Amino acid sequence: MSETSYMEQELGSQPETWRAAARMGAAAGPLPKAGDRVAVVGCGTSWFMAQSYAALREAAGQGVTDPFAASEAFLGSDRGYDAVVAITRSGTTTEVLRVLDAVKGRIPTVTILGDPETPAVALSDETVALPFADEKSVVQTRFATTALTLLRSHLGEDVSRAVADAEEALTAPMDKEWVDAEQFSFLGSGWTFGLANEAALKMREASQSWTESYPAMEYRHGPIAIAAPGRVTWLFGQAPDGLGAEVVRTGACFVHHARDPLADLVLVQRVALERARARGLDPDNPRNLTRSVLLKAPTAS
């Protein structure tokens, strides 16, 4: 593993890529208009960004928005979708391509992607390319957060605070307890639940860590039993009354910051990177993973 990994370089560039995406999102473009019924699909990290976007869009009163793992997307005509948004860094993920092909000519599609020279372009009615946020590391950092910043800006959000907070998160102190922790539980509510899911995935991918994620209020209903000294409960967004105190009573480390939740995800990415290094792992090439998941076509029997 090189001293400076692609993951480190890419996660460190996020304030810059977010600014570029915010300008794109604020301009007129092919993304869904207010009032449209929208399905959002993705795989892995992109699915978690879809969850966050769907919650933000509905909270903003812009219309019904349903997030789906691309392999589990229910897009029949009876659901009445006006648009399908696909999020895919590579533009080659099999399940996403299958969705785009299945709805082609029936539901308008717009795909947000990192590489514009990929099969997803031909299958999509419209595309929004973010080549400046594409990545070499298998572990996604900046593409996912840049895509969500684009979508937040398109919803009318001022993301300048998020950008400033991301810059601060890149230099924030790294608590040794986080690097050494035995286990992490990530929590969120509303749009930050998608971030909690992504934080847990990032830690698993980069450092092979034991991580879980839950809606913040659901954590009390069983999962808090895992909290203990040497373990971390990390909350994105607003804290439910009393939750922090409950976690502290278990002896676990409770982490909750005031910065924009998407910027707090940047800090989690840094923790994942440091945990990988501490374990002698290559965060750019996690075991059993590739940059894009391509399913083999079934062979004839």
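Helix 3 and helix 9 are roughly antiparallel to each other, a label for angles over 145 degrees, with under 35 degrees counting as roughly parallel, 65 to 115 as roughly perpendicular and the rest as oblique. The contact is made by Thr 45, Phe 48, Met 49, Gln 51 and Ser 52 of helix 3 and by Gly 194, Leu 195, Asn 197, Glu 198, Leu 201 and Lys 202 of helix 9. Contact here means heavy atoms within 4.5 Å. The contact residues divide into four nonpolar, five polar and two charged. In this scheme Ala, Val, Leu, Ile, Met, Phe, Trp, Tyr, Cys and Pro are nonpolar, Asp, Glu, Lys and Arg are charged, and the others, Gly among them, are polar.

The model is predicted: local features need pLDDT of at least 70, side-chain atom pairs count only at pLDDT 80 or more, and totals for chains, interfaces and linings use all residues. Numbering runs from 1 along each chain as its sequence is written, and side-chain values use heavy atoms, with hydrogens and water left out.

Two packed helices are described by the angle between their axes and the distance between the axes. The axes of helix 3 (residues 45-59) and helix 9 (residues 192-207) come within 7 Å and cross at roughly 160 degrees. Axes are lines fitted to C-alpha atoms, for helices over the stretch in contact, and angles run from 0 to 180 degrees between N-to-C directions. Helices (H or I, at least four residues) and strands (E, at least two) are DSSP runs, numbered from the N terminus.

Stay on helix 9, which also holds Ala 200. Ala 200 is buried, at 0% relative accessibility. Buried means under 20% relative accessible area, exposed over 50%, and partly exposed in between (1.4 Å probe, protein chains only). Leaving out residues up to four places away in sequence, Ala 200 touches Phe 186, Thr 211, Glu 212 and Ser 213.

Next comes the loop between helix 9 and strand 7 (210-215), where Gln 208 lies. Most residues other than glycine have a negative phi. Gln 208 has a positive phi of about 55 degrees although it is not a glycine. Gln 208 is partly exposed, with a relative accessible area of 40%.

Now turn to strand 6 (residues 183-188), which contains Gln 183. Gln 183 is buried, at 1% relative accessible area. Beyond four places in sequence, Gln 183 touches Trp 210, Glu 212, Ile 226, Gly 230, Arg 231 and Val 232.
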